[in-house]
Amino acid sequence: MSPSKPLAPVFLLWGQDAFLLREAAFEALGDVQPSEVDGASWEGGETADLATPSLFGEARALLISNAKALPSEAISELSRYLESPDPGAPLVLTAIVGDRAKAPAALVKLVQPVGTVTAVKVQRKELPVWLARRARAKGMDLAPDGATALVETLGEEPGALEQALDQLTAAFPGERLTAALVARQFRGLGEQHVWDLCDKAFARDLPGAMRSLRTLLQGGDPGLLILGGITSRLRDLVRVRSLPERMAPAEAAKQAGLRFDWQVRRYRELAKRFTMEDLVALHERVAWADRALKSGATDDVVLPLVVTAIASEPAALVR
């Protein structure tokens, strides 16, 4: 039996988190600086540089983010290129998928015969270990309870956790970063369980949002506190939605009154699911819920209506 043909430097990286995908993409690229293109902005001819030797002999690479948005003509062009890919020119595609979703079938069909398809993810239970590894790479002394406290306080967004490490280093240089220091630095950021509810609701994950709400209500969290978290997130999305898409995350965070750059990236992703008219209608629904709760309506009646209005598809939103 003849040996199998070696795989070309062609990679499809898929997962739920944009930060992890980008990290994995540059790890696959090594020292090569790629040309970058968003799948939604594909114009045609992007593979030409990969197929044409450089006059000066420098390494070439192409990074395609948001690959799920590639038009059919782009898939055709990539398919032609992959009939004989350059073994010295890396091609990396990244695709963000939803919770529990699989790799995009069309992209797997495109890449798998010649390259590598890899799921990029870190499970929640793995996050403290992942954080400890990142901290060591930065020369930080992160205590195990500090890593756990970061996840419990800030949630499961790797980009947010990475940025939190940098903030802790700046705030407590040379110190062992314990749970107590995490609490000092990030006190007042809000209840993570309400954040989780907001993440699921505004991502239009209705079953997940209802499970999260049920957990909060069973835990005795006050309805007005939960509604306050929802209202805060809604107002953040309205502010982010109103800013120019091309505005840099750091400037957008400043303009929107957000604390972290990663919040802008996350909220832009969520806000794309709603028109401004949708967000205004939801603001009216939230205002109604506030009046209802303060008038004596029960949490378990009012809040499911609010969450359903947010997480349902647009046609289900009663204006």
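Which residues are exposed on the other side of α8? They are A180 and R184, where exposed means over 50% relative accessible area, buried under 20% and partly exposed in between, with a 1.4 Å probe and protein chains only.

This is a predicted model, in which local features need pLDDT of at least 70, side-chain atom pairs count only at pLDDT 80 or more, and totals for chains, interfaces and linings use all residues. Residues are numbered from 1 along each chain as its sequence is written, and side-chain values use heavy atoms, with hydrogens and water left out.

Helix α8 covers residues 179-186, and its buried residues are L181, V182, Q185 and F186. Seen down the axis of α8, these fall within an arc of 110°, so they line one face of the helix; the arc is that of the directions from the helix axis to the C-beta atoms. The cover over the buried residues of α8 includes α6 (144-154), α7 (158-171) and β7 (176-177). Helices (H or I, at least four residues) and strands (E, at least two) are DSSP runs, numbered from the N terminus.

An open sheet is formed by five strands in the order β2-β3-β4-β1-β5, with parallel pairing. At the edges stand β2 and β5 (116-119), each with a single partner strand, so one side of each is left without a neighbour in the sheet. Neighbouring strands of this sheet are turned by 15° against each other on average, direction ignored. Two strands pair if DSSP finds at least two bridges between them.

| Strand pair | Sense and bridges |
|---|---|
| β2 and β3 (residues 62-65) | parallel, four bridges |
| β3 and β4 (residues 91-96) | parallel, three bridges |
| β1 (residues 10-15) and β5 | parallel, four bridges |

Individual partners can be named: D38 bridges to S65 in β3, L63 to V92 in β4, and W14 stands opposite A119 in β5. Helix α1 (residues 18-29) packs on the sheet, touching β1, β2, β3 and β4, and its direction makes about 170° with that of β4. Axes are lines fitted to C-alpha atoms, for helices over the stretch in contact, and angles run from 0 to 180 degrees between N-to-C directions.

T47 is found in the loop between β2 (35-38) and α2 (48-51). With a relative accessible area of 9%, T47 is buried. Not counting residues up to four places away in sequence, T47 touches W42, E77, L78 and Y81, contact meaning heavy atoms within 4.5 Å.
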